[in-house]
Amino acid sequence: MAGAFSASSLFDQLHAAEIASANSMVGHLSPARVATDEDYWSLIRQAYTVSPNLINLNNGGVSPAPRVVQEAVERYNKLTNEGPSYFMWEILDQGREPLREKLAELGGCSKEEIVINRNATESLNTVILGLDLKAGDEVIGCKLDYPNHMNAWKQRALRDGIVYKQLSFNFPVEDDDQIVAAFENAITSKTKIIHVTHVINWVGQILPVRKISDMAHRHGLEVVCDGAHSFALLDFKIPDLGCDYFATSLHKFLSAPIGSGMLWIRQDKISKIWPLLANGDPRGTNIRKFETLGTRSFPIEQGIGEAINFQMAIGNKRKEERVRYLKNYWAEQVINIPKVKIRTSLKAAYSCAICGVSIDGISPAKLERALFNQYKIHTVPIEYENVSCVRVTPHVYTSLQELDKLVRAIREIATAGK
Ligand SMILES: Cc1ncc(COP(=O)(O)O)c(C=O)c1O
């Protein structure tokens, strides 16, 4: 029965030997060089079950899981239904602590700082609604943060009288100092919190979280980081960011089952955050106080383990380099097409997977429809605040042939002018 929740068993059966052998072929190469090795990445692509009839370039919204993750969820689901209360609470439940350890290994932190939950929204609401703030206390965020969390701060403003200030940026900005200075200039004697999105979902700009955190700490502030688009894509360890709270979904770049998320809280901050869903020891120091979620999907939760195995077999740095290479591959080909504009920095420090593109005279909604109707390329139109573009987000399973088709499509649409 121990094998029922073993997070490594399916990966070992399906992929471990094959990926280990592919890794040994490229082991002597730098991650940047492996990023261009199509043989290696075609093996990774084969591990996914994506539709051959659609080119999915909206992995920023949510990402597919490789087959091994899907099969794990199905296996755990079948097991659950053989006797739910027994198999969930006595068998699968035993997988939660090993899973916490694996997530901590991936995040480079203590397992006593990891909360396993359902998504970044839940993680950020836990922190935003769980902080002790009083009327007049100020929070600094940005107009291009994710709406769910802007709404959480706005709710606190309405309910508790906190002051929520939002900065405006005209991305792309290729200057860390400018970004740090904008946050610093907004600080007053009442400021308590800075909310920073690690990778801006609308245009893919990477923000200098470490520098913002260091500056904030010099002023005695805390930093809440939204890492929905950075975790398991950019090669970093959570403590390296210097923030106090880090939230992410696991169903984006980790390719974990859809409906899985994680929250990291620096150990000395755990006691002061009230759980979003009440627990018997709300002021306690045990991170598990944030997991009184009631009955939820154990199969989804346990499927995360297989996604971590898959991620670790590729390696964070290789993955980051490959996905950035894919983004640059298409963006650098369209940037000189008349009327085509790239809305994201192509410098490595400022972007990775997500890139915005627009064509003069064609609205984002029209461009997105043309890409889908004429080429079956799935992207997302963005018209939000000062951003107007179509967002394109490849993943590790994206092929160069698919991106060639995207480049051809953009050229043809720009030339036709409609
Ligand atoms: C920057 C950012 N934060 C948070 C979220 C929320 O993620 P979820 O819907 O998984 O809670 C998203 C979703 O796309 C996002 O782009």
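## Helix 14 and isoleucine 410

Helices here are DSSP runs of H or I with at least four residues, numbered from the N terminus. By that count, isoleucine 410 belongs to helix 14, which spans residues 400-416. The model is a predicted one.

Is isoleucine 410 buried or exposed? A residue is buried if 20 or more other C-beta atoms lie within 10 Å of its own. Isoleucine 410 has 26 C-beta neighbours inside 10 Å and therefore counts as buried. Setting aside neighbours within four places in sequence, the contacts of isoleucine 410 are Val334, Ile337, Val340 and Val357. Glutamine 333 is 77 residues away from isoleucine 410 in sequence, with a C-alpha to C-alpha distance of 10.0 Å.

## Domains and annotation

The domain assignment divides the protein chain into domain 1 (2-90 + 310-316), domain 2 (103-301) and domain 3 (318-416). Between the C-alpha centres of domain 2 and domain 3 the distance is 28 Å. Contacts between these two involve 15 residues of domain 2 and 21 residues of domain 3. On the domain 2 side, the residues touching domain 3 are 8 nonpolar, 4 polar and 3 charged.

An unreviewed UniProt entry annotates residues 57-378 as "domain: Aminotransferase class V".

In soluble globular proteins, nonpolar side chains tend to be buried together. The largest nonpolar core in this model holds 121 residues, of which Ile194, Val223, Cys225 and Ala307 touch the most other members. Helix 11 (residues 298-314) gives the most to this core, contributing 7 residues.

For cysteine 225, contacts beyond four places in sequence are made with Val196, His198, Val209, Leu241, Cys243, Tyr245 and Phe246.

## Helix 7

Helix 7 (residues 120-130) is mostly covered, with 8 of its 11 residues buried. The buried set consists of Ala120, Thr121, Glu122, Ser123, Leu124, Thr126, Val127 and Ile128.

What do the buried residues of helix 7 pack against? Their partners are strand 2 (114-117), strand 6 (222-226), strand 7 (245-249) and strand 8 (261-265), together with helix 8 (147-160).

## Ligand surroundings

Ala120 and Thr121, listed among the buried residues of helix 7, are also among the residues around the ligand.

Definitions and conventions
Residues are numbered from 1 along each chain as its sequence is written. This is a predicted model: local features need pLDDT of at least 70, side-chain atom pairs count only at pLDDT 80 or more; totals for chains, interfaces and linings use all residues. A residue is near a molecule or strand if its C-beta atom, placed from the backbone, lies within 6 Å of it. UniProt positions are given in the numbering used here, feature names are shortened, and annotations may be inferred rather than shown by experiment. Domain bounds come from an automatic or database domain assignment. Two residues are in contact if their C-beta atoms, placed from the backbone, lie within 7 Å. Ala, Val, Leu, Ile, Met, Phe, Trp, Tyr, Cys and Pro count as nonpolar, Asp, Glu, Lys and Arg as charged, and the others, Gly among them, as polar. A nonpolar core is a set of buried Ala, Val, Leu, Ile, Met, Phe, Trp, Tyr and Cys residues joined through C-beta atoms within 7 Å. A residue is buried if 20 or more other C-beta atoms lie within 10 Å of its own, exposed if 12 or fewer, and partly exposed in between; C-beta atoms are placed from the backbone. Helices (H or I, at least four residues) and strands (E, at least two) are DSSP runs, numbered from the N terminus.
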